[in-house]
Amino acid sequence: MSNLPAASAPDSSGIPGLDTILAGGFTPHRLYLIEGVPGSGKTTLALQFLLEGLAKNETVLYVTLSETENELREVAASHGWSLDGVHIHELSTPQESLDPDSQYTMFHPSEVELGDTTKRILEQVEGLRPQRVVFDSLAELRLLAGSALRYRRQVLALKQYFVGRGCTVLLLDDSAVSEHGLHVHTIVHGVVSLDQLNPEYGGDRRRLRITKFRGRRFSEGYHDYEILTGGLRVFPRLVAAEYRRPGVQERISSGLKPLDSLLGGGLDRGTSTLLVGAAGTGKSSLATHFMMAAAERGERSAMFTFDESVRSLVTRSTGLGFDIHRHMDSGLISLQSIDPAELSPGEFSHRIRDAVEVDGARVIVIDSLNGYLNAMPEERFMIVQLHELLAFLGQLGVVTLLVSAQQGLIGQMANNIDVSYLADGVILLRYFEARGEVRQAISVLKKRTGAHERTIRELTIGSNGLSIGEPLRELRGVLTGVPQERGDPADTLRK
């Protein structure tokens, strides 16, 4: 509960994710700067802000120098909004600009137009007495001012005018043309910067950052967002420290006694396990087995797959004897196919948070980290965000399975990215050759939360699911891919 008086309660932006970043919304009766490059969503954000006020029976005003009322209504219509009730005031029209009588000769145009523009703004505010105002845009006011000093004085005068009038004002500005030294950051109460990235492949990615917010705590750093039909959708940056909860010490079974033996009794809640191996060694099948075991316990699980379609995964799982359809229909298992070219890292984290906090998933599978890496602009960002994500899931007691494909098939293996130090446990799956066949082996290399079996066992994947044999004690060099037998080969590899 907030200790702020009712009159100082934040003004919601109309965008839930942005309100989260701003700790509730904008401090009322202040001026804010919304800056960004063209196409970053400034107008959309401003309209959402006004529509939120309109929904609360507030009087709202959109003052525009750069767009016509028809253009604003077209933008709103594209989102399914109606601007009925929103007061829109155009400060100039094309006819006025082309009228020969409007061309000044004795005085510089800025000397006449700036004063006239300011007067018309104040007349609208005095007549309507709005609670929310959007001014679009400062770029036009900067041109009318003619000089940096006059521009700054004009913005300062607007701020002083709105103080005490019970009005929250958003000033829109184009960061691509704003000149260094002419920013109004020092005048306004807060600044929201909208940024747009243009990756070499895939769609544009957008992110925002609160560069200033006086008198209130806010979530720092960059936060991903997207523009959809219906407005901006903001994904607040995940901060694991905000989700600290007392942990519950509990070990869950995999449903296979030999696998539990390898794992020292099973997987511990709140831990992450890396499933690493070459393509086709059974990493995804093993992860699916853990999800099926969770469903049999009545727990929800969610898999986010980058490398495989949901149809392919379901078909493969059905072929292994997993009744995955039944658990998907009941909601115990959720499968989501992720397109790394279209999904921002922030939205991916948001989906996982929804799966855990909204849907109640107790097991999360990311298949694979190789695809996850491709969703990130640079590798170092992936490592930091993955660390934060695993810490968040661990504090909520979620069992996390990370699938990582190694390069190569038999012999020496290589990882294009090593995250084994982040995971609490590591399960290695390898191919090995024996008696003219390519077989699979499974072993546990690491478990932070307790002892585990250090043997290497044979893994068999068939129509009845996964089967794990006895330790391969009569073989040496299994991890090299071409082991040597000790004793009778027939006894060693007999099924």
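Residues are numbered from 1 along each chain as its sequence is written, and side-chain values use heavy atoms, with hydrogens and water left out. In this predicted model, local features need pLDDT of at least 70, side-chain atom pairs count only at pLDDT 80 or more, and totals for chains, interfaces and linings use all residues.

An open sheet is formed by 9 strands in the order E3-E2-E4-E5-E1-E6-E7-E8-E9, with mixed pairing. Strands (E, at least two residues) and helices (H or I, at least four) are DSSP runs, numbered from the N terminus. Two strands pair if DSSP finds at least two bridges between them. E3 and strand E9 (231-235) each have a single partner strand and stand at the edges, so one side of each lacks a neighbour in the sheet. From one strand to the next, the twist averages 25°. Axes are lines fitted to C-alpha atoms, for helices over the stretch in contact, and angles run from 0 to 180 degrees between N-to-C directions.

Strand E2 (residues 60-64) is mostly covered, with 5 of its 5 residues buried. Buried means under 20% relative accessible area, exposed over 50%, and partly exposed in between (1.4 Å probe, protein chains only). In a regular strand the side chains alternate between the two faces of the sheet. Val-60, Tyr-62 and Thr-64 point one way from E2, while Leu-61 and Val-63 point the other way. E2 pairs in the parallel sense with strand E4 (residues 132-136) over 5 bridges. It also pairs in the parallel sense with strand E3 (residues 87-90), over 4 bridges. Thr-64 stands opposite Asp-136 in E4 and opposite Glu-90 in E3. E2, helix H3 (residues 69-78) and E3 make a right-handed β-α-β unit; right-handed means that, with the strands pointing away from the viewer, the path from the first strand over the helix to the second runs clockwise.

Strand E1 (residues 31-36) runs parallel to strand E5 (residues 168-174), paired over 6 bridges. The bridge partner of Gly-36 in E5 is Asp-174. Helix H6 (residues 138-145) packs on the sheet and touches E1, E4 and E5, its direction making about 75° with that of E5. Contact means heavy atoms within 4.5 Å.

Another open sheet of 9 strands has the order E14-E13-E15-E16-E12-E17-E18-E19-E20, again with mixed pairing. Its edges are strand E14 (333-337) and strand E20 (465-471), each with a single partner strand. Strand E13 (residues 300-305) and E14 run parallel, joined by 5 bridges. Met-303 stands opposite Leu-335 in E14. Arg-430 lies in strand E17 (residues 425-434) and is buried, at 8% relative accessibility. Arg-430 and Gly-277 are 153 residues apart in sequence but 5.8 Å apart in space, C-alpha to C-alpha.

The structure holds 21 salt bridges, each a side-chain nitrogen of Lys or Arg within 4 Å of a carboxyl oxygen of Asp or Glu. Glu-250 forms one with Arg-269, the closest N and O atoms being 2.9 Å apart. This pair links distant parts of the chain, 19 residues apart. Glu-250 is partly exposed at 37% relative accessibility, whereas Arg-269 is buried at 13%. Glu-250, Arg-269, Arg-297 and Glu-299 are linked in a network of salt bridges.
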